Amino acid sequence: MINNQDNGWEHIASTFAAVRSDTGRDVIRRWASALPPGGEVLDVGCGSGFPVSSTLAEEGLTVFGIDASPTLASMFARRFGDAHAACETVQDSTFFGRTFDGLVAIGLMFLLSEDDQRKLIEKTAEALEPGGRFLFTAPHQKCEWEDVLTGQRSVSLGKAHYERLLDGAGLQLNNTCTDEGNNHYFDAVRRSARTD
């Protein structure tokens, strides 16, 4: 049975971990190079930690992870013995009560409802240090589809809408790029001060 709290990931956790590739590692490495040495990064929807958090750790960053799937959160905790990990939903995570130098949400944003995507962007802005960076993936164009692994509805709000949401939360879209697997990345930076 699929649990809506984990967006269906617990049901397919082992399969997901087994088929995860290292696609996107170069993008993650380039993004990590803009963070302070030893900086702290929260991986939202961290899965087992491969390849995103493992790449961040290789770059010398301190990794925190949250995932709603108990199996995936446990895999993450085993992979990074000294990492801070929690089995929590994005909506209820206690990690948003502190600040980070960076936050990543790879393969997660579009699995959330439109309202939860907006809320995640707002919570991210509050959880980032001034100058902190937010990297997430979603298709460049506005579209909807059914996630292949979970069967859950997926929705991209599209670049223009994401840029408006980021700007409204005090984040500036710094860059976009596409990796070798045709995954589209949005790289935003928290402004030093909010412009209301």
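**Close-up views of a predicted model**

View 1. Leu42 sits opposite Leu103 of β4. Strand β1 also pairs with β2, again in parallel, through 5 bridges. Across that pairing, Val44 faces Ile66 of β2. Glu40 has Thr62 of β2 as its opposite residue. Of the 5 residues in β1, 4 are buried, so the rest of the structure largely encloses this strand.

View 2. Helix α3, residues 52-58, belongs with β1 and β2 to a right-handed β-α-β unit. Strand β2 is mostly covered, with 5 of its 6 residues buried. Strand β3 spans residues 84-87 and runs parallel to β2, to which 4 bridges join it. Phe64 is placed opposite His84 of β3. Between β2 and β3 the chain passes through helix α4, residues 70-79, in a β-α-β crossover that is right-handed.

**View 3. The largest nonpolar core.** This core holds 34 residues. Those touching the most other members are Leu42, Val44, Ile121, Phe134 and Phe136. Elements giving two or more residues include the strands β1 (40-44), β2 (62-67), β4 (100-105) and β5 (128-137). Strands β8 (171-178) and β9 (184-190) are also among them, as are helices α5 (114-127) and α6 (159-168). The largest share, 4 residues, is that of α5.

View 4. Neighbours within four places in sequence are set aside here.

View 5. The disulfide count is 0. For Cys87, the nearest cysteine sulfur is that of Cys46, 9.2 Å away. A disulfide would need the two sulfur atoms within 2.5 Å. Cys87 has 42% relative accessibility and counts as partly exposed. Cys143 is partly exposed too, at a relative accessible area of 23%.

**View 6. Glu146 in strand β6.** Glu146 lies in β6, which covers residues 143-146. Its relative accessibility is 59%, so Glu146 counts as exposed. Leaving out neighbours within four places in sequence, Glu146 contacts Gly151 and Gln152. Leu111 is 35 residues from Glu146 in sequence, yet the C-alpha to C-alpha distance is 9.4 Å.

**View 7. The whole chain, for orientation.** The chain has 6 helices and 9 strands. Of its 196 residues, 51% are buried. Among contacts between residues at least 6 apart in sequence, 65% link residues at least 24 apart. The accessible surface is about 9,000 Å². Carbon and sulfur atoms account for 46% of that surface.

Terms used: Residues numbered from 1 in each chain as written. Predicted model: local features only at pLDDT ≥ 70, side-chain atom pairs only at ≥ 80, totals over all residues. Heavy atoms only, no water. Buried < 20%, exposed > 50% of the residue type's maximum accessible area, 1.4 Å probe, protein only. Contact = heavy atoms within 4.5 Å. Areas by Shrake-Rupley, 256 points an atom, 1.4 Å probe, with all protein chains shown as cover. Core = buried A, V, L, I, M, F, W, Y, C linked by side-chain atoms within 4.5 Å. Pairing = 2+ DSSP bridges. Right-handed = clockwise from strand over helix to strand, strands pointing away.
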